[in-house]
Amino acid sequence: MSTLFAHVMTGGLSCAEVDALLDSAIDGELPLLTRWRLKLHRATCRMCGRYASQYGVTVERAKAAFDEPAPDIPSETADRIARRATGRPPDD
(Lines give C-alpha, C1' and ligand atoms only; values in the text may rest on other atoms or scores of the structure.)
Protein backbone atom coordinates (compact mmCIF):
# COMPACT_ATOMS: atom_id res chain seq x y z
CA MET A 1 0.00 0.00 0.00
CA SER A 2 1.39 3.37 -0.95
CA THR A 3 2.00 6.01 1.66
CA LEU A 4 -0.43 8.42 -0.03
CA PHE A 5 -3.15 5.76 -0.19
CA ALA A 6 -2.64 4.90 3.47
CA HIS A 7 -2.79 8.59 4.39
CA VAL A 8 -6.08 9.03 2.53
CA MET A 9 -7.57 5.82 3.93
CA THR A 10 -6.88 6.92 7.50
CA GLY A 11 -8.70 10.22 7.05
CA GLY A 12 -5.45 12.10 6.56
CA LEU A 13 -4.88 12.01 10.33
CA SER A 14 -1.98 10.49 12.21
CA CYS A 15 -2.59 8.42 15.33
CA ALA A 16 -1.16 11.29 17.42
CA GLU A 17 -3.64 13.70 15.83
CA VAL A 18 -6.49 11.33 16.62
CA ASP A 19 -5.37 11.22 20.24
CA ALA A 20 -5.28 15.02 20.40
CA LEU A 21 -8.81 15.28 18.97
CA LEU A 22 -10.56 12.77 21.23
CA ASP A 23 -11.61 15.16 23.99
CA SER A 24 -13.08 17.62 21.50
CA ALA A 25 -14.82 14.77 19.70
CA ILE A 26 -16.40 13.48 22.91
CA ASP A 27 -17.53 17.01 23.79
CA GLY A 28 -19.06 17.44 20.31
CA GLU A 29 -16.79 20.37 19.47
CA LEU A 30 -15.33 19.18 16.14
CA PRO A 31 -16.42 20.53 12.76
CA LEU A 32 -18.21 18.03 10.52
CA LEU A 33 -15.23 17.38 8.22
CA THR A 34 -12.89 16.70 11.14
CA ARG A 35 -15.47 14.35 12.71
CA TRP A 36 -15.64 12.39 9.46
CA ARG A 37 -11.85 12.26 9.15
CA LEU A 38 -11.62 11.01 12.73
CA LYS A 39 -14.32 8.41 12.08
CA LEU A 40 -12.52 7.21 8.93
CA HIS A 41 -9.22 6.91 10.79
CA ARG A 42 -10.84 4.95 13.64
CA ALA A 43 -12.49 2.63 11.11
CA THR A 44 -9.22 1.87 9.31
CA CYS A 45 -6.75 1.89 12.22
CA ARG A 46 -7.58 -0.94 14.59
CA MET A 47 -5.40 0.41 17.42
CA CYS A 48 -6.96 3.88 17.31
CA GLY A 49 -10.43 2.40 17.02
CA ARG A 50 -9.94 0.34 20.16
CA TYR A 51 -8.17 3.15 22.01
CA ALA A 52 -10.86 5.72 21.18
CA SER A 53 -13.64 3.35 22.20
CA GLN A 54 -12.01 2.58 25.54
CA TYR A 55 -11.22 6.27 26.06
CA GLY A 56 -14.89 7.11 25.53
CA VAL A 57 -15.98 4.46 28.03
CA THR A 58 -13.48 5.79 30.58
CA VAL A 59 -14.73 9.37 30.17
CA GLU A 60 -18.36 8.26 30.50
CA ARG A 61 -17.62 6.31 33.68
CA ALA A 62 -15.68 9.22 35.16
CA LYS A 63 -18.56 11.59 34.45
CA ALA A 64 -21.05 9.14 35.95
CA ALA A 65 -18.97 8.86 39.12
CA PHE A 66 -19.36 12.60 39.69
CA ASP A 67 -23.10 12.56 38.97
CA GLU A 68 -23.77 10.87 42.29
CA PRO A 69 -23.94 13.19 45.29
CA ALA A 70 -21.00 13.03 47.64
CA PRO A 71 -21.77 11.38 50.98
CA ASP A 72 -21.90 13.53 54.09
CA ILE A 73 -18.59 13.15 55.87
CA PRO A 74 -18.18 14.46 59.39
CA SER A 75 -15.79 17.42 59.46
CA GLU A 76 -13.41 15.68 61.89
CA THR A 77 -13.11 12.76 59.48
CA ALA A 78 -12.43 15.10 56.55
CA ASP A 79 -9.80 16.93 58.63
CA ARG A 80 -8.10 13.65 59.59
CA ILE A 81 -7.99 12.56 55.95
CA ALA A 82 -6.59 15.94 54.87
CA ARG A 83 -3.88 15.79 57.56
CA ARG A 84 -2.82 12.31 56.48
CA ALA A 85 -2.84 13.27 52.80
CA THR A 86 -0.62 16.28 53.41
CA GLY A 87 1.61 14.63 56.02
CA ARG A 88 0.63 17.02 58.79
CA PRO A 89 0.69 15.58 62.32
CA PRO A 90 -2.61 14.99 64.15
CA ASP A 91 -3.95 17.90 66.20
CA ASP A 92 -4.55 15.79 69.32
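Colleague: Which exposed residues sit on the face of helix 3 turned away from its buried side?
Modeller: This is a predicted model. In helix 3 the buried residues include Leu38, and the face turned away from the buried side carries exposed residues. Those exposed residues are Leu32, Leu33, Trp36, Lys39 and Ala43.

Colleague: How wide is the arc that the buried residues of helix 3 cover around the axis?
Modeller: The buried residues in helix 3 are Thr34, Leu38 and His41. They lie on the same side of helix 3, because the arc they cover around the axis is only 65 degrees.

Colleague: What covers the buried residues of helix 3?
Modeller: The residues in question are Thr34, Leu38 and His41. What covers them includes helix 2 and helix 4.

Colleague: How far apart are the end C-alpha atoms of helix 2?
Modeller: Helix 2 runs over residues 15–26 and has 12 residues. At 1.5 Å a residue it should span 16 Å. The model agrees with this, with its end C-alpha atoms 17 Å apart.

Colleague: Within what arc do the buried residues of helix 2 fall?
Modeller: Val18, Leu21 and Leu22 are the buried residues of helix 2. Seen down the axis of helix 2, they line one face of the helix, because they fall within an arc of 140 degrees.

Colleague: Which exposed residues are on the face of helix 2 turned away from its buried side?
Modeller: The buried side of helix 2 has Val18, Leu21 and Leu22, and its cover includes helix 3 (32–44) and helix 4 (46–67). The face turned away from that side carries the exposed residues Ala16 and Ala20.

Colleague: Which residues does Leu13 touch, not counting residues up to four places away in sequence?
Modeller: Leu13 is itself part of the largest nonpolar core. Leaving out those sequence neighbours, Leu13 touches Val18, Leu21, Arg37, Leu38 and His41.

Colleague: Which helix gives the most to the lining of the largest pocket?
Modeller: The pocket holds about 210 Å³ of space. Its lining includes Leu22, Trp36, Arg42 and Ser53. Helix 2, helix 3 and helix 4 each supply at least two residues of that lining. The most, 6 residues, comes from helix 3.

Terms used
Residues are numbered from 1 along each chain as its sequence is written. This is a predicted model: local features need pLDDT of at least 70, side-chain atom pairs count only at pLDDT 80 or more; totals for chains, interfaces and linings use all residues. Side-chain values use heavy atoms; hydrogens and water are left out. Helices (H or I, at least four residues) and strands (E, at least two) are DSSP runs, numbered from the N terminus. The expected span of a helix is 1.5 Å times one less than its number of residues. Buried means under 20% relative accessible area, exposed over 50%, partly exposed in between (1.4 Å probe, protein chains only). The arc is that of the directions from the helix axis to the C-beta atoms. Contact means heavy atoms within 4.5 Å. A nonpolar core is a set of buried Ala, Val, Leu, Ile, Met, Phe, Trp, Tyr and Cys residues joined through side-chain atoms within 4.5 Å. On a 1 Å grid over the protein atoms alone, a cavity is a set of points where a 1.4 Å probe fits but cannot get out, and a pocket is an open set with protein on both sides within 12 Å along at least five of seven lines; lining residues have an atom within 4 Å of a point. Grid points are joined across faces, edges and corners, and a volume is the space filled by probe spheres set on the points.
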